Amino acid sequence: MTALGGLGPRDRGDVLEPPGRGRRSRRSGQGALRSTAIAFASTFVFFGFLAWVAVNSPGWPLVQQSFFNGALFADSLPDIAAAFWVNVQLFFIAEILILALALVIAVLRSIPGPVLFPLRLLSTIYVDVFRALPGVLIIYILGFGIPGLNVEGVPTDPFFYAVIALTLIYSAYVSEVYRAGIDSVHPSQSAAARSLGLSQWQALRYVVLPQAIRRVIPPLLNDFIGLQKDTVLVSYIGVVEIFRQSQITEAAHFNYTPYLATALVFLVMTIPLARFTDWLVARDRRRAAANR
Amino acid sequence: MNGPGDAAGTAAAALRIVGLRKSFGPLEVLQGIDLRLVEHEVVCLIGASGSGKSTLLRCVNLLEPIDEGRIFVEGEEITAPGVDVDRIRRRIGIVFQSFNLFPHMSVLDNVTLAPRRVLKLSRPAADAQALELLRRIGLDEKAREFPDRLSGGQQQRVAIVRALAMRPDLLLLDEVTSALDPELVAEVLSLVRELALGGMTMLIATHEMGFARDIANRVCFLDAGRILEEGPPEQIFRAPREERTQRFLQRVMEAGRL
């Protein structure tokens, strides 16, 4: 039976069919149903136990009161959701800037040749420094330091510095992701392009980068899940975004429920992106297997 | 422009290599290569793996920097300092063992990329030229497919057409059938044979001895980075002078490849 399953694709004479199809279909059926049931049961038992411990702990009544206040939750949610719009703006503006800046840095670091050495050195220092420093410090230093110089014409809006800080922090990471992608394209691709008379830049632009970027989309999305969450860090320099808003509400009521509302907003926003990223990774893996 | 070796007074050679040396670290892969191809000549390089065939081709295409020696194409020294390598490479096509098609582009875009970006052909002009070339090798129906939908033999033929689309003066073929399943070798070799009949100047590194004997005007046996023996195919394959050539051909024959 298994032999027939393995022969299936070849029987149709389609040599380009991805291998391993038979194997996957064999795994479904009764066995899968049973493992799903076991998974559900063990999850239920595990989290049920944790919940039981929490609810029966001596501090539970107080925690329940200060974290799970239903009325306050409903009350604070609109304000918090409105403040989240600031995070969304931060996220999208910074993301676009990061994608562009990081690509420039990755390309600068990938092009050999003595002419670009100063730029390469500068990019390397930048990436090292910004990956070494905690993000909060960069946000503080930029957000308070630069407006503090009181130079004519320099913006004072904390939102501006929030965008700049997040862009600088994340571009350092994202440029490394791009660079890994560029390095993953086999040198023979570049050689083939150069042998046709394309310049180094053209080979990069038309042959290497399109392949590199396609490969790093899942890790890029992964970094953007991080960025989505790190937008709350700019609350430290006075941007009233979702976390700052929940602090304000919390202070007004001496109750932590707004934080839970904030957490819920992030869960709703971030989990779909995480699932999407995983789906993309799985799809790429299937394609790679099919092409091998 | 002609060097002292060109005193014969004939037209400039299509390719002339003088005293070419190339090392990778401590390993000297090419230990002084001298070679001359006239226009329309087909020269096959034979020799064991590691004898320097591929490196020689890569040096001619300036994909590897050379350590010593000079290379001339149609009388112009391409190894001179400050020469525009992109301009030189337009005139020299190379096809690799591993095809190296661009996997993210259709067959048509693979063929038209360089004509459009380097020769600045318009898209319609480049497409028309590419489709005509693809039609000649019977792959015009695959023009919109991506390379991974093609067999190895088809991919390699597209790679050859991609090089031809730049209308090179000289074509370098680096073991173009070595990565192919045996039943796909013939279609690629017959295309190369057509090119030879069409007058294309070619320098071919190959393990296909029968093919070399058929197609080559001249065969060079490379051994340890030197051209140990060269001559017409009949002489090299029937009556090799050098003992190493004899031994190499003996081994090839034992492996059933001749």
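Two residues are in contact if their C-beta atoms, placed from the backbone, lie within 7 Å.

The model is predicted: local features need pLDDT of at least 70, side-chain atom pairs count only at pLDDT 80 or more, and totals for chains, interfaces and linings use all residues. Residues are numbered from 1 along each chain as its sequence is written, and chains are lettered from A and ligands numbered from 1 in the order in which they are written.

I placed B:Arg58 in helix α1 of chain B, residues 53–60. Helices (H or I, at least four residues) and strands (E, at least two) are DSSP runs, numbered from the N terminus.

I then checked B:Pro115, 57 residues from B:Arg58 along the chain, and got 21 Å between their C-alpha atoms.

For chain B as a whole, I listed nine helices and ten strands. Of its 258 residues, 43% count as buried. Its C-alpha atoms fill a box of roughly 50 × 45 × 35 Å along the principal axes.

Last, I looked at the contact between the chains, which takes 18 residues from chain A and 19 residues from chain B. On the side of chain A that touches chain B, α9 (187–195) and α10 (200–230) are the elements giving two or more residues.

How values were computed:
Buried ≥ 20, exposed ≤ 12 C-beta atoms within 10 Å, placed from the backbone.
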